[in-house]
Every structure is written in C-alpha cells, then in structure tokens.
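Trainee: I am new to this structure and would like to learn how to read it. Please show it to me first.

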Amino acid sequence: MRVQNQIICSTDLAGKVYKNPNYLQTRQRINYLVNHFLSQGILYSRLHDLPTQFENPRQRHWQPIDWKAISDEQIVGVPKDLFISFLVNATEIETPIRNYAIESRDYLQAAHPQLARFMGGTFSEDGKMLEIGVWEKEERQHAPVFQKIYHKLTLEKLQPKPNTVQGYQKSDDLQQDIYSHVLSRMATEWSATSSYLWLMAHSTGALQHAIAQPLQDEINHLAKFWGIGIWAFGDSYIARLQGMTQLLIDLLKHHKNERSQEVNIFGFSNALYAVELMFTFSRVMTRLNRWHKSLDAGYLENLFGEKPMLLT
Ligand SMILES: [Fe+2]
Ligand SMILES: [Fe+2]
C-alpha cells in the first residue's frame, strides 16, 4: 500500500481508506457503508425472506472470518483503547441472548406464533426447548465474535457483563404490550446496526470483514421487524420509532461500563466520535425512511396475509 496525502491507495468495504481520516472522510466512509449494506434491494430481500423463514427456518450464511489476519493495525482513525471500549460495549449489549429470545417469544406467542417461533423457538408443554429460534441462532454468534476480536487485539480474555432482561411484563392491553416490545427490539437492531457500521468505518482488512458478519445479521433483523411492524401496526408505529432517536441517545448516554468510564458511547471524551455516531444513527434512519415510503399496505398484506385478530 502506498501512502499519499493521507490516502492509502486502496479501498475496503467502506470505500477509500485514509491513514488519518478527518471528520468528512469518516462521514464519506459511513455513507459508503450505508449505501452498500442498506440498499433498497437488500432491505427488500431481507423482508421478503421472512415468510420463507416461517415455513423453512434457516440461519443466514456467514462468510468465513480470517482470524489470523486480524491485527490492531487495522483500526483506522480512532485510538485503539477507544475502539476496544466500544467493542466491549457492543459485546455486552448482545448478552444474554437466550433470555431475550424467550422474552420475545412470550410477548408474541398469542398474536403471531410464527414470529414467536422465528425469534424464540419452540417449547414442549412442560417447558422444554424443542427448537432454537433463527433470530437467537444468529444473535448468539455475535458476542463470541466480538470477544474473539477483543482477544486478538488485546491478548486478554473478555468476560462480558450480561444485561438484565425483565421478561414478559404483562399489562391488561396485549396489543400495547406487543407494540412496545417490537418497537424496543427494533430500536436495539437499529442501535446494533449503527454501532457496527461505525466500527467498520474505523477499521479495515480482516478486522472490518469480521465485523461485517454480525452487521449483516442486524440489518437482516431490522428490515424484517420494520416490515412486519408496519404490517401489524401501520404507519403511526414508525412515527414512534422516528421519534425514538432522541430517546435512544438518552438511553445510550446512561449505559455504564465497569471497565472504563469512557465506554459510555455518547460520552466519548472526544466529542468528534459522538458526533460521528449520531451521524451514523441518523443516516441509517434516513435510509430506512426512504425505503419505508415504497412499502405499501397491499405489498405487506401479500407478504404476511391478513392481520391476526389480536392485532386489529
Ligand atoms: Fe446482535
Ligand atoms: Fe439483531
């Protein structure tokens, strides 16, 4: 590779690689990633795949990761300790997946058994798990990938501190319960998608390629939940999500990590990275909104059939 005016003459999954990117150059990389990984074609195909998953559940295929080739020289334009803090944060958000899957299954079982199965699998009458949901199968690969990357970059073992999962909180309004639950899952997928895109904008080579694997799962989930959410709850539903940008930023501000004070992702000591992250979150939302305009009720009904009684 030849270094010339800060541009290393090569490209990666985020477009041009810069040795010491400035804000605009990083933005360019974020935009490139959004254009490439959240194209209309990809969003449609991920959504279109959901009825197929109901019939024939199958985990999304991953490209192999070249673990030996991952090194800290592949971190681009951000201090190593900050990149690693962010990685730790990403890992902790991913756990404990089994509890999340059961929680989703409990919320969705009565209204939409197929979606409940996709997320949380199936159980026998005495509560034994018969089959793991596809969503859980995909999600449970994420934390180990980040743990392994952490190990490659630091030579230390990361023991993530799992989040607390509340489980099904039943009110006397089932529809409202499901509405809030699907909304919160979608916010998590949006957050994961945006966070991994930011990590990819700040990495290259085998490291970036490794992060691209969980990223594509998150985009897959985001497109599916977005589409089925509109089918179930209509446009007003998405207005709520759009209004959640601020809520999400507030939530992230309060996410604390014991290992480092700086890991709180919008509490970066350097405001530049917080601005970059907010830019990434809003780019993803803008892209989803553009796609949203082309999704009409007829198309969604064709895909998912008539709405179940419990959701009308
Ligand atoms: Fe995940
Ligand atoms: Fe996900």
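Mentor: His-221 counts as buried, at 0% relative accessibility. Buried means under 20% relative accessible area, exposed over 50%, and partly exposed in between, with a 1.4 Å probe and protein chains only. Before going on, note that this is a predicted model, in which local features need pLDDT of at least 70, side-chain atom pairs count only at pLDDT 80 or more, and totals for chains, interfaces and linings use all residues. Residues are numbered from 1 along each chain as its sequence is written, chains are lettered from A and ligands numbered from 1 in the order in which they are written, and side-chain values use heavy atoms, with hydrogens and water left out.

Trainee: What coordinates the iron ion (ligand 2)?

Mentor: Donors are N, O and S atoms within 2.8 Å of the metal (3.2 Å for Na, K and Ca); water is not among the atoms, so sites may look incomplete. Here the iron ion (ligand 2) is held at 1.7 to 2.7 Å by Glu-139 (OE), Glu-189 (OE), Glu-189 (OE), Glu-218 (OE) and His-221 (ND1). Along the sequence these donor residues are spaced E-x49-E-x28-E-x2-H. Glu-139 lies in helix H6 and His-221 in helix H9 (residues 205-233), so the pair ties together parts that are 82 residues apart in sequence. Helices (H or I, at least four residues) and strands (E, at least two) are DSSP runs, numbered from the N terminus.

Trainee: How far apart are the two iron ions, and which residue coordinates both?

Mentor: The iron ion (ligand 1) and the iron ion (ligand 2) are 3.9 Å apart, with Glu-139 coordinating both. Glu-139 counts as buried at 4% relative accessibility, and Glu-94 is also buried, at 4%.

Trainee: At what angle do the axes of H3 and helix H7 (residues 142-154) cross?

Mentor: Axes are lines fitted to C-alpha atoms, for helices over the stretch in contact, and angles run from 0 to 180 degrees between N-to-C directions. The axes of H3 and H7 cross at roughly 155° and come within 9 Å. That makes H3 roughly antiparallel to H7; angles under 35 degrees count as roughly parallel, over 145 as roughly antiparallel, 65 to 115 as roughly perpendicular and the rest as oblique.

Trainee: Which residues of H3 and H8 make their contact?

Mentor: H3 packs against helix H8 (residues 174-201) at an angle of about 155°, with the axes 11 Å apart. The contact (heavy atoms within 4.5 Å) joins Phe-83, Phe-86, Leu-87 and Ala-90 of H3 to Ser-195, Tyr-196, Trp-198 and Leu-199 of H8.

Trainee: How many helices and strands does the chain have?

Mentor: The chain has 13 helices and 5 strands. Of its 312 residues, 53% count as buried.
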